[in-house]
Amino acid sequence: MNNIESGHTADYATIFNQMVDYIRSLGVTVNTTTKARGHQGFFLKNRIDISTNIDSERKIEVLIHEFTHYIHAKIEPDLNKTHGKLETLFPDSDIEKIAQELYNVTKVFDKNKGFKLLSEKREAIASEIKSLASSIKINYPDFKRSEPYKKLEKIIRKTDAKYLLKYDRVRVKTSFFGGTKDYSVTAISRDFPEFDNDTRNYILLKSKQRMLKRVSSRLNRLNNYYKRPAELFARFVEALFSDTNKVTQIAPYAYLVFCKELANGKYLELADFINNFF
C-alpha cells in the first residue's frame, strides 16, 4: 500500500470528492454538508455523514473510518448491536495478539487525542493528590488519603466548609433574610482564613479525588469504546492511510493477516477502495 501523501502536493479536497463519488457509486448516501450530529462523522445503515467543520485531510480520514464501518456492517449485519467480532474479521488467527496490536494502533493514531489527554490529566491529578497527602502527613503521620480523616474533618464540619467535603462549589442559605453565600474550593483561603494549610489541603485533596474519579470514569468509557472490534478495525484502516509504514511496525501480525484477507476478498469493496486511493 502507498500513502496518498507521497509529497506535499496532494490535493486533499479533490481526493475526498473522488472517494465520496466512489462510495456513492456503491449506493451509499454520503452527506458532506452537515455537522454530523456533533461528531466528525458517523455511519448509520446505508448513510455516512461527514462534518463540514473539519479540514479536507481529516475529512478523508473520517470518511475512510466510516466507510470501513459500512463494509464491516455488510460482513456482520448485526454490527450496531454486537459491535462486531475480531474472529469474523480475522479468521483462523491469534485474536488476542491482533486485538492488542489494533489497540496499540488506536492509541498512537487517536486523532481526537482524547485518550492521551485524559491519561495525562489523570496522571497529573494523581500526582497532585500524592503531593497534598504528603504535605498533610508531615503534621498528621497517621493520615490516610483513602479514608475520612476525623481530626481535620472535625474542624471543617464546624463551618460551612463542610459542604466542600462533597462538592467543589455550593450555595448555602444564610440566616439573614433568606440570603445565600457561595463557597468554592478555589476560594478556601478567602472564605475560611481561620484554616491552616493542612485543613485547606485536606479539602483540596477531597476535591482532587472527586476529579480523579470523574476523569477515570471518562477514560474507562473511552477505553471500552476504543476496544470495540468495530472501532479497532475502522481505526486500523484509517491509520493505514495516515502512515502505512508506522502501522506495519506497530501491528505487523495484524497487518499481514489483514492483507491476506483483503486479497482473498474478505473485506468486499474495501479492497477496490484501498487499491484506488491508498
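Reader: Which Lys lies over the face of Phe109?
Author: That's Lys246, at 6.0 Å from the ring centre. A charge sits over a ring here if NZ of Lys or CZ of Arg is within 6 Å of the ring centre and within 35 degrees of the ring normal. Keep in mind that this is a predicted model, where local features need pLDDT of at least 70 and side-chain atom pairs count only at pLDDT 80 or more, while totals for chains, interfaces and linings use all residues. Residues are numbered from 1 along each chain as its sequence is written, and side-chain values use heavy atoms, with hydrogens and water left out.

Reader: OK, and what lies over the face of Tyr253?
Author: Lys97 does, at 4.9 Å from the ring centre.

Reader: How many aromatic pairs does a search of the whole structure find?
Author: The search turns up 21. Rings of Phe, Tyr and Trp (its six-membered ring) pair if their centres lie within 6.5 Å; planes under 30 degrees apart are stacked, over 60 edge-to-face, and the rest tilted. One of the pairs is Tyr225 with Tyr226, which is tilted, at 6.0 Å centre to centre and 40° between the planes.

Reader: Is Tyr226 buried or exposed?
Author: Tyr226 is buried, at 3% relative accessibility. Tyr225 is partly exposed, with a relative accessible area of 31%. The cut-offs: buried is under 20% relative accessible area, exposed over 50%, partly exposed in between (1.4 Å probe, protein chains only).

Reader: What about Phe258 and Tyr267, stacked or tilted?
Author: Stacked, with 5.0 Å centre to centre and 20° between the planes. Phe258 is buried at 0% relative accessible area, and Tyr267 is buried at 0% too.

Reader: Which residues form one aromatic cluster?
Author: Tyr22, Tyr70, Phe43, Phe67, Phe241, Phe273, Phe277 and Phe278.

Reader: Switching to the whole chain: how many helices and strands are there?
Author: You'll find 13 helices and 5 strands. Helices (H or I, at least four residues) and strands (E, at least two) are DSSP runs, numbered from the N terminus.

Reader: And what's the radius of gyration?
Author: The protein chain has 26 Å, whereas a compact globule of 278 residues would be near 19 Å. That radius is taken over C-alpha atoms, and the globule rule is 2.2 Å times the number of residues to the power 0.38. Along its principal axes the C-alpha trace spans about 75 × 45 × 40 Å.

Reader: What share of the residues counts as buried?
Author: For the protein chain, 46% of the 278 residues.
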